[in-house]
Amino acid sequence: MSRNRALEAKKKQLRRFIVFHWDMEEAARFLESLLKRLHQGADTINKALMSGLIIAYSRPFSGNTGGDIPKGVTKEFDKEEEKLHEKIVGRTGLRNILYAHLDLTAHQLNIRIADISGENIAIPSIHDPYF
């Protein structure tokens, strides 16, 4: 590998780590704000903070072109951190089933048909999966 190509590869790796650091700082700010507000229940602002937290944390691990963080980063996780990481970014994690993509089974949307004055009426009910 030429010296110039090696330098470019190092610069690309450094850019990845800088953006990774920014994403983790953003996730930490979302988490800090959310923890201050949790006593208020599942309101819209808390849902937005949770969504921001999950997306910011997941960004470096989600298959971005040229932006993924090397897999070795997660080797430093203990068992609890590894479980939490998988719960957030794993194939069936929060990012994929609730926050970045639509998974109807996660939303537990039920539709009941009621006869009201001789008319069939669809009545949806949903379990709020976010909190």
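I began with a definition: the expected span of a helix is 1.5 Å times one less than its number of residues. I kept in mind that this is a predicted model.

**Entry: helix H2**

I applied that rule to helix H2, residues 44-58. H2 has 15 residues. From its first C-alpha to its last it reaches 21 Å, close to the 21 Å expected.

Next I asked which residues of H2 are buried. I found Asn46, Leu49, Met50, Gly52, Leu53, Ile54, Ala56, Tyr57 and Ser58.

**Entry: the whole protein**

I counted five helices and two strands. Along the sequence they follow the pattern α-α-α-α-α-β-β.

How much of the protein is buried? I noted that buried residues make up 22% of the 131 residues. I also looked up the accessible surface, which comes to about 9700 Å². Carbon and sulfur atoms hold 57% of that surface.

I then turned to contacts between residues at least 6 apart in sequence. Of these, 47% join residues at least 24 apart.

**Entry: Arg95**

I picked Arg95, which sits in helix H4. Is Arg95 buried or exposed? Its relative accessible area is 19%. Buried means under 20%, so Arg95 counts as buried.

I checked its side chain too. A polar contact of 2.7 Å joins the side chains of Arg95 and Asn96. I set aside neighbours within four places in sequence and listed the other contacts of Arg95. They are Ile54, Ile55, Ser58, Ser62, Ile88, Ala100 and His101. Two names from my H2 entry come back here: Ile54 and Ser58 are among the buried residues of that helix.

**Entry: Tyr99**

I stayed in helix H4 and moved to Tyr99. Tyr99 has 13% relative accessibility, so this residue counts as buried.

I compared its position with that of Leu53. How far apart are Tyr99 and Leu53 in space? They are 46 residues apart in sequence, and their C-alpha atoms are 10.0 Å apart. Leu53 is one of the buried residues of H2.

I found a nonpolar patch of about 390 Å². Leu14, Ile18, Val19 and Trp22 make this patch.

Val19 lies in helix H1. Why is Val19 called partly exposed? Its relative accessibility is 39%.

Terms used. Residues numbered from 1 in each chain as written. Predicted model: local features only at pLDDT ≥ 70, side-chain atom pairs only at ≥ 80, totals over all residues. Heavy atoms only, no water. Helix = DSSP H or I, 4+ residues; strand = E, 2+ residues; numbered from the N terminus. Buried < 20%, exposed > 50% of the residue type's maximum accessible area, 1.4 Å probe, protein only. Contact = heavy atoms within 4.5 Å. Areas by Shrake-Rupley, 256 points an atom, 1.4 Å probe, with all protein chains shown as cover. Polar contact = N/O pair within 3.5 Å; in protein donor to acceptor, adjacent residues only side chain to side chain. Patch = residues over 30% accessible without salt bridge, like charges linked within 9 Å, V, L, I, M, F, W, Y side chains within 5 Å. Salt bridge = Lys/Arg side-chain N within 4 Å of Asp/Glu carboxyl O.
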